Amino acid sequence: MMTINTLADAAPPAAANRNEPVRNSPLVNFALRGLEHCWLPEHGRWSHIYHLDGRASPNESLPHSDVFYTLNVLLGMSRVAEIPEGLDLREIFDRNARELTRLPVRKYAFGMALWASAELGFAIPDDVARAVRAILEDSDAWRDFHAQDLGMLLTGVVAQTRAGRDEWRPYAQPLFRFLQDRYHGGAGLFFDTPYGLRRRFASFATQIYLAIACYQYGDLTGDVPAIAMASACAGKLIALQGPQGEWPWFFDAASGRVLDFYEVYSVHQYGMAPALLEWGERYGVPGAREALIRGFQWVFGRNQLGRSMLLRESGLSIRSQIRKDELQNKTPRMLRAVGNMLLGRSSGLIDSAGVGLRLECRSYELGWILWSFGRRNDLPQLTDHGLFQSAQAQTSAA
């Protein structure tokens, strides 16, 4: 499989020149280089966490998370022009998809399997397909779906249908109608769950997964309300974007207010927001392209800490900027969000002296770079940025 080097190691010049995929943008090759560090050869998958704090064994494996992240990476690989030598995507997909029925994975992992298999052109293992159908046919259990479950399952069903596998088509409309009835808020944002007090506390990821699902469904079927819902969400997020391009983390979906900006996640800036805003550009959402660029520039160093979130030598990224006193404790931010919701307050950024870094990288984050930029050649200020060019030059000159 892939050869894994430590962060201090550098390939000899000839090997670097020979192995660097030439048809990919420098940004894509940066992410591929990072994924080499996250590879677990003994398991045939990418890791749950790669720690950036200098520990001797930086990869942390959590099997059910490894498997989901690996499927997310494979989704990104489906858009890469030139795959690194030695990567057998079909074998990796089959190995990890089969684990879905053996590990305690969330429902959204099955949706990712549907989506990745459709984009890669690979068949879904029979036992996995049966498990997905059981989920889709038990509509009473949908009331327990979180946004990520519903969004990924609907996107996966649409992707399968688009790939010509019409046996999945009958599931698409019922899933979308459930989304429309139970997750769509009047403020332009989506709820996180269909019922209960928790539903109005929605994350940035909630918005991304459901809006992309609506775009996918509307694009396939011509459903105008689906496109309108997705575009309204994209427009609302753009309106709430921070002064330096930050994408807020937590919202009150009922009122459309930001409850807490933190954590500000790098993957939202360079991967997940661009995945949604690509659709927004296509469907004419005002400011979509500008918001994408502004958000990405945050990881280059236009942020509160004035530092790049990208590690040039390794191809890895720093996971997030976070309130220093909340690195190990989520309770304060939950209490803050509840308080802001009850008092009708919006949250903003704090003084940069109180902001720190979460020193880890997760493989799926790099997978989102591949998905969002693997086929883009119209944003050279991002994909061919000097940081990535310098990384290639450093590797070749080492």
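Residues are termed buried under 20% relative accessible area, exposed over 50% and partly exposed in between (1.4 Å probe, protein chains only). The structure is a predicted model, in which local features need pLDDT of at least 70, side-chain atom pairs count only at pLDDT 80 or more, and totals for chains, interfaces and linings use all residues. Residues are numbered from 1 along each chain as its sequence is written, and side-chain values use heavy atoms, with hydrogens and water left out.

**View A. Leu 342 in helix α13.** Leu 342 belongs to helix α13, residues 331-343 (helices are DSSP runs of H or I, at least four residues, and strands are runs of E, at least two, numbered from the N terminus). Leu 342 counts as exposed because its relative accessible area is 63%.

**View B. The buried side of helix α8.** In helix α8 (residues 169-182), the buried residues are Tyr 171, Ala 172, Leu 175, Phe 176, Phe 178 and Leu 179. These residues lie on the same side of α8 because they cover an arc of only 160 degrees around the axis, the arc being that of the directions from the helix axis to the C-beta atoms. Their packing partners are α6 (126-137), α7 (147-162), α9 (204-221) and α10 (224-240). Pro 170 and Asp 181 are exposed on the face turned away from the buried side of α8.

**View C. Gly 354 in a loop.** The loop between α13 and β12 (355-358) contains Gly 354, which is partly exposed at 27% relative accessibility. Beyond its neighbours within four places in sequence, Gly 354 is in contact (heavy atoms within 4.5 Å) with Ile 322, Arg 323 and Lys 324. Gly 354 and Pro 248 are separated by 106 residues in sequence and by 17 Å in space, C-alpha to C-alpha.
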